[in-house]
Amino acid sequence: MIRKRIASLVCALALGSMMAISASATDYGQAGIQWMIKDEWEHRNAVGLEPYNEMETNIITCQHKDVNITGNGDYSVEFSGWCVPDDTREYVEVGTLGLNMSIDFEANPDCVVTLTDCTIDGVTYTFDEQPELEEDGDNHVLKIKNAYGVNATTTPEMDAKPWNTTDPIVINFNVSGLAEDKIENNPDEVIVLDYVEEDTEEENTDEVEEATVQTEDEDDFDQAADSADDASDENSDSSLSLAAIIAIVAGIVVVIAVIIVVAVVASKKKKK
């Protein structure tokens, strides 16, 4: 019995240690592709956020594959399914295309993220120099395309032109300097995010129909109000006509009464 209890205690301690290690190993944050189109302003501002149009009224249909950072090792993130429309592609630039990370570099001062390569429109770019790690709100970013600053130094040469296809844009990178290595064959490493633009056409149709119904109701109300006004005017006219008739009749009665009185007085004088 004592041996069983000791064995159970050892198993519990081992399981607790494994859970603690697993919990700490998944606590480094996430990474994903950040992008923004200058002059048209479609964008995805950070890892985990939704991609939007300029005024953030519509989600952009596309797919992002972000990753959970669980330790030192190689990672890959992707973005696919959307590109700048053909009729405006030659007039715009990519404000930002890069790797956005929610890693806490202050808590992990020895952590280093190194870009390995980047594939755009089927062309793979390797990095001759690493971009500067920049703060971006609560996150950090390594910019590859940068219309507002310097594009990454790559082979072949990188520019700020938009990508031409909806093929996957892939960024491969390495993380080092953390307390442990990544979880190998981790089923939760890749986070697949499918974004679909909301169908606003039906909503707009419903709004138009509702507005039409409201307009018809308002017209009906106006017509009813006009009819009421007309009826009121008719009743008023009728009231005025009746009052006039009563006044005329009363006047005739008064005149007749006066004539009768005068006739009676005249008759009495003749008799005298």
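The questions and answers below go through a predicted model, from its confidence to single residues.

Student: What is the average pLDDT of the protein?
Tutor: This is a predicted model, in which local features need pLDDT of at least 70, side-chain atom pairs count only at pLDDT 80 or more, and totals for chains, interfaces and linings use all residues. Residues are numbered from 1 along each chain as its sequence is written, and side-chain values use heavy atoms, with hydrogens and water left out. pLDDT is the predictor's confidence in each residue, from 0 to 100. A score of at least 70 is reached by 63% of the residues, and the protein average is 79.

Student: How many disulfides are found in the whole structure?
Tutor: A disulfide is a pair of cysteine sulfur atoms within 2.5 Å. Cys83 is buried at a relative accessible area of 16%, and Cys118 is buried at 0%. The search of the whole structure gives a disulfide count of 0.

Student: What is the omega of the peptide bond from Thr155 to Pro156?
Tutor: Most peptide bonds are trans, and most residues other than glycine have a negative phi. Pro156 is in the loop between strand 10 (154–155) and strand 11 (169–176). The bond from Thr155 to Pro156 is cis, with omega near -5°.

Student: What is the phi of Trp41?
Tutor: Trp41 sits in the loop between strand 1 (30–38) and strand 2 (43–44). Its relative accessibility is 30%, so Trp41 counts as partly exposed. Trp41 is not a glycine, yet its phi is positive, at about 75°.

Student: What is the phi of Asp121?
Tutor: Asp121 lies in the loop between strand 6 and strand 7 (123–127). Asp121 counts as partly exposed because its relative accessibility is 26%. Its phi is positive although the residue is other than glycine, with a value near 55°.

Notes:
Buried means under 20% relative accessible area, exposed over 50%, partly exposed in between (1.4 Å probe, protein chains only). Helices (H or I, at least four residues) and strands (E, at least two) are DSSP runs, numbered from the N terminus.
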